Amino acid sequence: MTTNLFQAGADSTTEMLALLSKQRESFLRAGIPDARARRAALQRLRAVVLANRKALSEAVSADFGHRSHYETEIMEVVVTVQAIDYLLSNTKRFMKPDRRHVAISYKSGRAHVEYQPKGVVGIMAPWNYPFSLTMIPLATALAAGNRVMLKPSELTPRTSEVIGEMLSTVFSSEEVAVVLGGPEVGAAFSGLAFDHLLFTGSTKVGRLVMKAASDNLVPVTLELGGKSPAIIGRGNVSPRTVKSIVFGKLSNAGQTCIAPDYLLLHKDDLQAFVALYSSTVSHAYPDGPTSKDYSSIVNDGHYTRLRGLLEDARKNGAQIMEVGQRPDTAANRVRTIAPTLVIGAPDDSAIMEEEIFGPLLPVRTYSSIEEVIDFVNARPRPLALYYFGPEGEDRDALLARTTSGNVGINNTLLHIAQDDLPFGGVGPSGMGAYHGVEGFRSMSHAKGIFVQGRWNFANLLRAPFGKLTDLVVRSVLGRGPQF
Ligand code: NAD
């Protein structure tokens, strides 16, 4: 085949099986790629990403209805290129075998770990950052020496097409193949006998994917969703804090897995926060939801879902406040939802229970940090948690007594751009991690190797046993019963 872009047809499973065996055969034939070959693959990826910046940005904006080119460059292209550069600098070091400790009884043997590519890695991606969430896992898999089959989202079809076509120009289908299709193709894809499967998407589909992978005992990395809290410490509402929350909540109109989902705020700080949030939003988005830098909601289904969350909150007694300038409709824009504060939504309302994934920010007030810790711990472990405030007892207590994927202190979202930090959720927000050495290792097999020395204490641990055996056993267990 001359392309590596596959539009899965009626018999998608057979087509995908054929692709998988082609990649696996080619991987086995070629053997483990050395650091030079891996760096060359990363360089090819870097060059093709840069060459397609414009096409990509236009495709994303067309898929969303509108998204600022700046936002796509910053949130998709910059992070991808930085991640590739990080891998280019570190892959050789990551590949180095690790010397490991050998117990006295096995001296003079030597133990070490070699990180071997797993083989063929499957990558499934969502629509919200359709480019970076395919490219960074791909770069990680290539750095670890693998072949890759990618399944991007069907909800951003133009972007998926650009991804497939651009990769065709630098990789053969034995190296990297892109499979297009919706949930049925996703279901068949997740049932393939990959050597590793990295899935980014919703917790609901993540469960199905893990079930499907278990048929072949395929190891999975699950990058899922959930409700990430932002907490402002008492008395810490400031322009800097609020700017960070606006950035985290309204970038991509809130369609970000690690966006602050809801805000926990001290009850005395509510008024100050509302005033600052409003002025900060007006400054960032002077034309309200039709501002050039404000994204549309990706499709009618999500638009209706978000409207439903607001309506439900209103019915349940919450105060709904659209903030910033707000021309209500604009002929040149589709599916916009204004930045909105939702104050006093009951804990059991849909907006406080479901992942929001939009520009709506519920604000819940608290009286003490204990209440915050209990609130977070009573809910599924979040993908991210944000705290605003100086070092001190409250911050320490919150960090020590809650568990989340990653944490941002005095910022939102930026932990994902730290290439040397692992990125991943915990429990319902995910399993395993990528980025950093953790990403490289999740896509490598850590093969432990023990090399027996010429002379070895271990030789004394086999028959015929005798006095010297006693000596070795005693060196580990101490003096004991006489047999
Ligand atoms: P999704 O779970 O609906 O879809 C993700 C992928 O799974 C897509 O490629 C889709 O085609 C495929 N899919 C859909 N149904 C399937 C099925 N039944 N079986 C197998 N595959 C199927 O997620 P989405 O709506 O595209 O993305 C939004 C979700 O992803 C949110 O929950 C968000 O928090 C999460 N997310 C997580 C991260 C992260 O890094 N943790 C990043 C972005 C998004």
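Author: Helices (H or I, at least four residues) and strands (E, at least two) are DSSP runs, numbered from the N terminus. This is a predicted model, where local features need pLDDT of at least 70, side-chain atom pairs count only at pLDDT 80 or more, and totals for chains, interfaces and linings use all residues. Residues are numbered from 1 along each chain as its sequence is written, and side-chain values use heavy atoms, with hydrogens and water left out.

Reader: How many bridges join β4 to β5?

Author: Five, and the two strands run parallel. Strands pair if DSSP finds at least two bridges between them. V121 sits opposite V148 in β5.

Reader: And where does the chain go from β5?

Author: The chain passes through helix α6 (residues 157–168) to β6, in a right-handed crossover. β5 and β6 also pair in the parallel sense, over three bridges.

Reader: Is β5 buried or exposed?

Author: Five of its five residues are buried, so β5 is largely enclosed by the rest of the structure. Buried means under 20% relative accessible area (1.4 Å probe, protein chains only).

Reader: Switching to the ligand: which atom of L224 is 2.7 Å from a ligand nitrogen?

Author: A polar backbone atom. For W127, a polar side-chain atom lies 2.9 Å from an oxygen atom of the ligand.

Technical notes: Buried means under 20% relative accessible area, exposed over 50%, partly exposed in between (1.4 Å probe, protein chains only). A crossover is right-handed if, with the strands pointing away from the viewer, the path from the first strand over the helix to the second runs clockwise. A polar contact is a pair of N or O atoms within 3.5 Å; within protein, one must be able to donate a hydrogen and the other to accept it, and residues adjacent in sequence count only if both atoms are side-chain atoms.
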